[in-house]
Amino acid sequence: MPATLMVHRGGWEATKADLACVPVPESTESYHPVPYHRFIEEVELHIPRFGLGVRSSQFALAREGGQMFGVLTCSNGTPDKDYALAIGVRNSYDRSLAVGLTLGSRVFCCDNLAFSGEVTMHRKHTLNVFRDLPDLIYRMLSQVAAMRERTDGEIAAMKLRELQPAA
């Protein structure tokens, strides 16, 4: 399984519509919250530019909606691939998490704050977060081509290896 969303520390599964219904706190001089649904929309807007499509997505909310977690499992543009790239997302309204994005052939996102992939980015909810976020997402996803090429090579090499039966 290339992407895992683990919800076990008081979080609950949510839909994109649920994410849009969570009230967004007011901005302050030093804190500018990124609405959960706008963050997901921005990620989904960039995905097709890199030859990917969203095959499935899962989301969760925790701390009475103060934290959001999710994974998007992507098709690689070819239906017969041996793996799928995935994108993990997280964000918060309770100021406990920066906006986060992780990408890879193995992604893990959990409501206990575990968040891992091959490439990870975080951006604090400070002044210009809305200006910076599209570029950060684009730069993360621009690494897909190299990641796909490397993974394709590794899988091809493994397929050529002959395994001996266990004694």
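A residue is called buried when its relative accessible area is under 20%, exposed when it is over 50%, and partly exposed in between, using a 1.4 Å probe and protein chains only. This tour applies that definition to a predicted model, in which local features need pLDDT of at least 70, side-chain atom pairs count only at pLDDT 80 or more, and totals for chains, interfaces and linings use all residues. Residues are numbered from 1 along each chain as its sequence is written, and side-chain values use heavy atoms, leaving out hydrogens and water.

**Stop 1: confidence**

Begin by colouring the chain by pLDDT, the predictor's confidence in each residue, from 0 to 100. The mean for the chain is 89, and 95% of its residues reach 70 or more. Helices (H or I, at least four residues) and strands (E, at least two) are DSSP runs, numbered from the N terminus. Where pLDDT is low, the predicted coordinates should not be read in detail.

**Stop 2: H32**

Select H32, in the loop between α1 and α2. Is H32 buried or exposed? Its relative accessibility is 16%, so H32 counts as buried. A polar atom of the H32 side chain lies 3.4 Å from the backbone oxygen of T28. Contact means heavy atoms within 4.5 Å. Beyond its neighbours within four places in sequence, H32 is in contact with S27, H125, T126, L127 and V129.

**Stop 3: helix α3**

Next, select residues 129-141, helix α3. The expected span of a helix is 1.5 Å times one less than its number of residues. For the 13 residues of α3 this gives 18 Å, which agrees with the 18 Å between its end C-alpha atoms. Which residues of α3 are buried? They are V129, D132, L133, L136, I137, M140 and L141. Seen down the axis of α3, these buried residues fall within an arc of 155 degrees, so they line one face of the helix. The arc is that of the directions from the helix axis to the C-beta atoms. The elements covering the buried residues of α3 include α2 (36-46), β5 (85-92), β6 (99-104), β9 (119-123) and α4 (144-160).

**Stop 4: helix α2**

Move to α2, where Y36, F39, I40, E42, V43 and H46 are buried. Viewed down the axis of α2, the buried residues fall within an arc of 160 degrees, so they line one face of the helix. They pack against α1, β3 (53-62), β4 (67-75), β5, β6 and α3.

**Stop 5: the cysteines**

A disulfide is a covalent bond between the sulfur atoms of two cysteines. Here it is counted as a pair of cysteine sulfur atoms within 2.5 Å. How many disulfides does this rule give? The count comes to zero. Select C109: its sulfur is 7.6 Å from the closest cysteine sulfur, in C110, which is too far for a bond. C109 is buried, with a relative accessible area of 0%, whereas C21 counts as exposed at 62%.

**Stop 6: the loop between β3 and β4**

Most residues other than glycine have a negative phi, and most peptide bonds are trans. R63, in the loop between β3 and β4, has a positive phi near 50 degrees. E64 lies in the loop between β3 and β4, and its phi is also positive, near 55 degrees. R63 is exposed at 55% relative accessible area, and E64 is exposed at 81%.

Technical notes. Polar contact = N/O pair within 3.5 Å; in protein donor to acceptor, adjacent residues only side chain to side chain.
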